[in-house]
Amino acid sequence: MCEKRAYFYACSQTPRTGQTGAAATTAAAADQEEPEYLYAFGGKNRDGAVMSMERYDIRQNKWTVMSHTPLPIATYAHAGATLNNTVYISGGYVHGQFIAALHAYDPSAERWEPLAPMIAPRGWHCMTAVNELLYVFGGCYLSSITVPAATTTTAGLMASHPHLSQPQQHSGLLPQQHQQQSILEMPQPVMVAEYYSPLTNQWTMIRPMVNLHKEAGCFAHQGGVFVVGGYNIQAKTGQKLISRYDLASDTWLTVGQLSNGMTGMGCCLLDVPWLRPDDQTAIAGLAVDGEEEDKQQIWHEAEEEDEN
């Protein structure tokens, strides 16, 4: 990329001149086009939050900073999703606080639009599009607490709250020992789950989450949304659990767990060919003989049998 950045959102899009929204998405699906560009939004570098966005041209293998369309605000730890050829960016960390903002970017018009904010401010959350709606899960917010001055020295603070790297304070970065108390803003998990309707520009709360997922990944599949891994703020460790939200019944279920707790998760759904054990054996034999064309023929025959 042109600029160093971490904690940003990236996606693929194909801008369609003269077409926006659902019309652009329908046209792209009909043409079965591969995306032309990759976009990177915001993030953080050593100087702080990044306001810029840049675009990667897949055909030309070239990154370009979109200097004429920066983000409305410099942010990181935000989440994003694409719906009907529009990119949506929600939440994030701005000026020492997690925000509830939602903005939409139209790649065809190269224009940002502010939308209704989320019900719950959050960052380090995940977001996905399903059934013409945008769902937001997990993350964290900052909660003010009062602590004795003895624990708010550098050593005392980190010993009592090891998951904090940069504590926020109202009474100075590190109060002196003679102060009796200090107010700190500590990260707390967001259990509120909600969805956004682009048609009404409104957010609606759904059933709260049952597991803690910060910096998790999510994807929609077969009538549900899976939230995978992340960080458990209360346990101060990587989250192993996989949660599934059922869209029809508005219920949560823990459906499995990862082998290890993983934070900073990214997920996607990928359709790949599958083969029965007998097909695997046949193809393995053909691979040894180098008969690639026959191997592809077995694949096609297996697919036709499944359709019948």
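Two strands count as a pair if DSSP finds at least two bridges between them. The model in these views is predicted.

**View 1. Strands S24 and S25 form a hairpin.** Strand S24 covers residues 241–246, and strand S25 covers residues 251–257. The two run antiparallel, joined by 6 bridges. One of these links Asp246 to its partner in S25, Thr251. Between the strands lie 4 residues. In this turn, Asp250 has a positive phi of about 55°.

**View 2. Strands S5 and S6 make a hairpin too.** S5 spans residues 53–57 and S6 spans residues 62–65. They run antiparallel, and 4 bridges hold the pairing. Look for Asp57: its bridge partner in S6 is Lys62. Here 4 residues sit between the strands. Asn61 takes a positive phi near 55°.

**View 3. Four strands build an open sheet.** Strands of a sheet pair through backbone hydrogen bonds, either parallel or antiparallel. In this sheet the pairing is antiparallel, and the order is S7-S8-S11-S12. Which strands stand at the edges? They are S7 (79–83) and S12 (111–115). Each has a single partner strand, so one side of each has no neighbour in the sheet. From one strand to the next, the twist averages 25°.

**View 4. Strands S8 and S11 pair within that sheet.** S8 runs over residues 86–90, and S11 runs over residues 102–106. Their antiparallel pairing has 4 bridges. Ser90 has Leu102 in S11 as its bridge partner. In a regular strand the side chains alternate between the two faces of the sheet.

**View 5. The largest pocket holds about 930 Å³ of space.** Its lining has 30 residues. Nearest the centre of this pocket are Tyr9, Met127, Cys218, Gly266 and Cys267. Strands S1 (9–13), S7, S13 (126–130) and S20 (217–221) each give at least two residues to the lining. Which strand supplies the largest share? S13 does, with 5 residues. By class, the lining has 20 nonpolar, 8 polar and 2 charged residues.

**View 6. Ala120 sits in the loop between S12 and S13.** Is Ala120 buried or exposed? Its relative accessible area is 10%. A residue is buried when this value is under 20%, so Ala120 is buried. Beyond its neighbours within four places in sequence, Ala120 is in contact with Ala100, Val190, Val192 and Glu194. Take Val192: it is 72 residues from Ala120 in sequence. In space, their C-alpha atoms are 7.0 Å apart.

**View 7. One cavity of 30 Å³ or more is counted in the model.** Rolling a probe the size of a water molecule over the atoms shows where empty space is left. The largest cavity has about 80 Å³ of space. Leu71, Pro72, Ile73 and Thr75 are among the residues that line it. The lining also includes Ile89, Ser90 and Gly91. How many of the lining residues are nonpolar, polar or charged? The lining divides into 7 nonpolar, 4 polar and no charged residues.

Note on methods: Residues numbered from 1 in each chain as written. Predicted model: local features only at pLDDT ≥ 70, side-chain atom pairs only at ≥ 80, totals over all residues. Heavy atoms only, no water. Axes fitted to C-alpha atoms, helices over the stretch in contact; angles between N-to-C directions. 1 Å grid on protein atoms, 1.4 Å probe; cavity = no way out; pocket = protein on both sides within 12 Å on 5 of 7 lines; lining within 4 Å. Points joined across faces, edges and corners; volume = space filled by probe spheres on them. Nonpolar A, V, L, I, M, F, W, Y, C, P; charged D, E, K, R; others polar. Buried < 20%, exposed > 50% of the residue type's maximum accessible area, 1.4 Å probe, protein only. Contact = heavy atoms within 4.5 Å.
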